[in-house]
Amino acid sequence: MIRDYRRQGLDERDAPMGCETRIVTKSGEVRWLDVRASTFELAGKPTILATGLDITERKLLEQDLRAGEAHLRTLMEHLTDGIGLIVDERWVYVNPGLTRLVGCSTQDRVGRSPLETLVPSDRPRALTRIETVATGEAGPPVEYELLRRDGTVVPVLASSQRIELDGRPAILSVVRDLTEQRQFEEQLRQAQRLESVGQLAGGVAHNFNNALVAIIGYSELIVR
C-alpha cells in the first residue's frame with residue numbers, strides 16, 4: 001500500500017486515514033479493499049500501518065443498486081403516464097410524463113398541492129379521495145378533468161395507493177391521459193350513428209322497392 005500512496009504522489013506521513021482501492025489477486029481477480037492507515041515513528045523513521053477489509057461484495061451490490069436506479073429513472077422519464085408521490089397533500093416527486101400533462105416544469109409542481117392541477121369542480125372529491133387513500137384504502141381509479149397551465153382541460157384517469165416513503169406515509173398516484181380514448185369513443189359513436197342511418201336508409205329503400213315492384217306490375221297489366 002505504500003507504493004500505492006507514492007503513485008498518488010503522497011508522502012507516507014501524509015497517507016489518508018481511509019480509502020477504497022482495488023487490488024489484483026494472484027489468480028487475476030479484481031477485489032475491492034477498504035484501507036485504513038495511520039502513521040507513526042518506528043526506530044526514528046516514519047512508518048505506515050495499514051489494514052484492508054475486503055468489501056468486494058458490498059461494492060458489487062452498490063453497482064447493481066446504481067444500475068437498477070438508473071434503469072428505473074430512465075423508465076420513469078420515458079413513461080407517457082404521469083407518476084407522482086404525495087406527502088402531506090403536496091407533491092414531493094413528479095415524473096416528466098406528469099409535467100407534460102400539466103404543461104409546466106418539475107420545479108413548478110414539487111411542493112404544491114395536486115388539487116391545483118384539477119378543474120375547481122373536481123377538487124372536493126379529489127381531496128376526499130386523497131384522505132381515503134391515506135387511510136390505506138385504494139379503491140378503483142377515478143376520472144378527473146385536469147386543468148393545464150394554458151387553460152385547456154384534459155380528461156385523465158387517476159389511480160392511487162398508499163405506500164411508505166422513508167418511513168413516512170405517502171401516496172403513489174398514476175395519471176393517464178384519456179384524450180385519445182375519448183376521441184376514439186366519439187369516433188365510434190359517430191360510426192354507430194352512421195351505421196344506424198345506413199340501416200334506416202336500407203330499410204326505407206327495401207320498402208320503397210317493394211312498392212315499386214307492385215306499381216310496375218300493375219302498370220304492365222294496365223299497358224297490356
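Reader: In this predicted model, what is the order of the strands in the open sheet of 5 strands, and how do they pair?

Author: The order is β5-β4-β8-β7-β6, and the pairing is antiparallel.

Reader: What makes β5 and β6 edge strands?

Author: Each of β5 and β6 has a single partner strand, so one side of each has no neighbour in the sheet. From one strand to the next, the twist averages 40°.

Reader: How do you know that β4 and β8 pair?

Author: Two strands count as paired when DSSP finds at least two bridges between them. β4 (residues 82–87) and β8 are joined over 5 bridges in the antiparallel sense.

Reader: In the largest nonpolar core, which residues touch the most other members?

Author: The core has 20 residues, and Leu98, Tyr144, Val156 and Val175 touch the most other members. The elements that give two or more residues to this core are β5 (90–94), α3 (96–102), α5 (123–134), β6 (142–147), β7 (153–165) and β8 (168–177).

Reader: Why is this called a nonpolar core?

Author: The name needs buried residues of the nonpolar kinds, joined through side-chain atoms within 4.5 Å.

Reader: Is Ser113 buried or exposed, and how do you know?

Author: Buried means under 20% relative accessible area. Ser113 has 10%, so Ser113 is buried. Ser113 lies in the loop between α4 (106–109) and α5.

Reader: What does the side chain of Ser113 reach?

Author: The side chain of Ser113 reaches the backbone nitrogen of Leu115 at 3.1 Å. The cut-off for a polar contact is 3.5 Å, and the distance of 3.1 Å falls within that cut-off. Leaving out residues up to four places away in sequence, Ser113 touches Glu89, Arg90 and Trp91.

Reader: What is the phi of Glu89?

Author: Glu89 has a positive phi of about 60° although it is not a glycine. Most residues other than glycine have a negative phi. Glu89 is found in the loop between β4 and β5. Asp88 has its place in the loop between β4 and β5, and has a positive phi of about 55° without being a glycine.

Reader: What makes Asp88 count as exposed?

Author: Exposed means over 50% relative accessible area. Asp88 is at 59%, so Asp88 counts as exposed.

Reader: How many bridges join β2 to β3?

Author: There are 10 bridges, and the two strands run antiparallel. Pairing asks for at least two bridges, so β2 and β3 are called a pair. Asp34 has Leu53 of β3 as its bridge partner. β1 and β2 (residues 30–42) pair over 7 bridges, in the antiparallel sense, and Arg22 stands opposite Trp32 in β2.

Reader: Which residue takes a positive phi in the hairpin of β2 and β3?

Author: Ala43 takes a positive phi near 55°, in a hairpin that has 2 residues between the strands.

Reader: What does the pLDDT of the protein chain average?

Author: The average is 78, and 80% of the residues score at least 70. Over residues 1–13 the pLDDT is below 50, and this stretch has 18 contacts in the model beyond near neighbours in sequence.

Key: Residues are numbered from 1 along each chain as its sequence is written. Side-chain values use heavy atoms; hydrogens and water are left out. Buried means under 20% relative accessible area, exposed over 50%, partly exposed in between (1.4 Å probe, protein chains only). Helices (H or I, at least four residues) and strands (E, at least two) are DSSP runs, numbered from the N terminus. A polar contact is a pair of N or O atoms within 3.5 Å; within protein, one must be able to donate a hydrogen and the other to accept it, and residues adjacent in sequence count only if both atoms are side-chain atoms. Contact means heavy atoms within 4.5 Å. Axes are lines fitted to C-alpha atoms, for helices over the stretch in contact, and angles run from 0 to 180 degrees between N-to-C directions. pLDDT is the predictor's confidence in each residue, from 0 to 100.
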